[in-house]
Amino acid sequence: MKVLFCASEALPFAATGGLADVAGSLPQALRARLIGCRVVMPLYESVPQELRDNMKFLTSISVPVAWRRQYCGIFEAKVGNVIYYLIDNQYYFKRQGLYGHFDDAERFAFFSRAVLEMLPYIEFKPDVIHANDWQTALVPIYYRLFYANNDWYSGIKTLFTIHNIQYQGQYGFEILEDVFGIPKSEQSLLEYNDCVNLMKGAIESANWVSTVSPTYAKEILDPWFAHKLDPILRERAWKLSGILNGIDVAGFDPATDKRIAANYTVEDRSGKAVCKAKLQEELGLEVRDDRPLMVMVTRLTRQKGMDLVMYALDRILSGGVQVAVLGTGDRDYEDGLRYFQDKYPGTMAARIEFDPALSQRMYAAADMFLMPSKFEPCGLSQLIALRYGTLPIVRETGGLKDSITPYNKFTGEGLGFTFRQYNHIDMLGAVDRAIEAYRQPDIWKGLMKNAMSAHFTWEKSAGKYIELYERLSER
């Protein structure tokens, strides 16, 4: 079985979000299961020099971009057991930032076409091409329109994974022929709600569509979650499924993590108390072991539930819970967190910045991790929190619902605390249940053990992807 994984970002080369984690970890897990998985991504300006030094130039080709042709350099790198191909074109990718440029449509049209054009030159014909999100949505579209009937390419199956349906790649019809190189006669394939919609085209063109959690696969059939794509998905629900992401359990291991103040294990968790005291001191909080410490590491946006947090913070902080928040986002939320920090010195800490090292110390030190998302396709933060014995408080949506089973006070089972309705009253109810459990040391120790013993590995997810790849290749 051969799989080509197409992504606009991948660790360790370039990252802005969860897609990079997936593209950096899932292929490694697939290779460990003897699947011939390779990854292709753009060669961005931000790729570190030390990684560039270990790349090998394979060849250069000419790639059609509508009526013109563009240079494409193909570089090869190896990370672990996985081969990565990095597509070079300085006009498109020698820039600051991965996304948000005026010509993103053309940049990723070039990349998507390059993915398919390069295959004969690298002598790798995959059984399945696995495209991800709108930036590579043109891969299954181009394959269907221009390559499926070519003898060399025949028989390849395509899988399209939706990581966040909010971002669909929507553009005006004027670029259909001039930028995408798709004839007017095929406009209906991409046309949706009076514009070109790349994600819609990929959903129609791909042999299968997946999302990053089973619950999200159901949710996006509902108008509330689907950002107007629900009719298209409901018509094709027969080829839609969800597979929950995993995490790199070796990289997130409190027993060996050198980024935290003290190491600890599920059998000996004494180091977690050291981590908590050190973080309290670092953030200017009162150094106390009798108060629960609840943290958030998040984008400060409504999608992440920040409107609920703003409503509830007074009540939480006045009740004796210490709160620390790390992240950047909407100005109103940033200012609101600063206000609460000033109002509750020693109890509230706001760090309005992006600091991966601090986030790691927060995961390790906290008692609770608050994640009240309005929607969450999968989420990785709650899985990382579990790994460090930090109990998640989450809304039952998407991957949060699939990963966090609520605490059952009668059996002692559960991995955290959950609420269903999107309002601050229900969120406060979950927080209160967490505080009540925290004040009973034996119960809390049992929940920490449950959390640290949970298994959300990429090996488990890889097994489900392999089953899907095999079903596709047999169709």
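Predicted model: local features only at pLDDT ≥ 70, side-chain atom pairs only at ≥ 80, totals over all residues.
Q: Is C6 buried or exposed?
A: C6 counts as buried, because its relative accessibility is 0%. C37 is also counted as buried, at 1% relative accessibility.

Q: Let us move to β6. How many of its residues are buried?
A: Strand β6, residues 128-132, has 5 of its 5 residues buried, so it is mostly covered by the under 20% criterion.

Q: Which way do those residues point?
A: V128, H130 and N132 point one way from β6, while I129 and A131 point the other way. Residues on both sides are buried.

Q: Which strands pair with β6?
A: Strand β1, residues 2-6, pairs with β6 in the parallel sense over 4 bridges. Strand β7, residues 157-162, also pairs with β6 in the parallel sense, over 5 bridges.

Q: Where does the chain go between β6 and β7?
A: From β6 the chain crosses through helix α5, residues 138-147, to β7, and this β-α-β crossover is right-handed.

Q: What is the phi of D133?
A: Phi of D133 is near 60 degrees, a positive value in a residue other than glycine. D133 sits in the loop between β6 and α5, and with a relative accessible area of 10% it is buried.

Q: What about K228, buried or exposed?
A: K228 is exposed, with a relative accessible area of 60%. Its phi is near 80 degrees, again a positive value in a residue other than glycine. K228 lies in the loop between α10 and α11.

Q: Which residues does the cis peptide bond at P12 join?
A: The cis bond joins L11 and P12, with omega at about 5 degrees. P12 is in the loop between β1 and α1.

Q: Turning to α19, how far apart are its end C-alpha atoms?
A: They are 18 Å apart, which agrees with the 18 Å that its 13 residues should span at 1.5 Å a residue.

Q: Which residues of α19 are buried?
A: The buried residues are W444, L447, M448, A451 and M452. They cover an arc of only 130 degrees around the axis, and therefore lie on the same side of α19.

Q: What do they pack against?
A: The buried residues of α19 pack against several elements, including α12, β16, α16 and α18.

Q: What is in contact with D367?
A: Leaving aside neighbours within four places in sequence, D367 is in contact with K276, R291, P292, L293, T390, L391, Y438 and W444. D367 is placed in the loop between α15 and β16, and it counts as buried at 8% relative accessibility. Its C-alpha atom is separated by 9.6 Å from that of A434, 67 residues apart along the chain.

Q: Lastly, where does T457 lie, and what does it touch?
A: T457 lies in the loop between α19 and α20. Not counting residues up to four places away in sequence, T457 touches G246, I247 and V249. T457 counts as buried because its relative accessibility is 17%, where the cut-off is under 20%.

Technical notes:
Residues numbered from 1 in each chain as written. Heavy atoms only, no water. Buried < 20%, exposed > 50% of the residue type's maximum accessible area, 1.4 Å probe, protein only. Helix = DSSP H or I, 4+ residues; strand = E, 2+ residues; numbered from the N terminus. Pairing = 2+ DSSP bridges. Right-handed = clockwise from strand over helix to strand, strands pointing away. Expected span 1.5 Å × (residues − 1). Arc of directions from axis to C-beta. Contact = heavy atoms within 4.5 Å.
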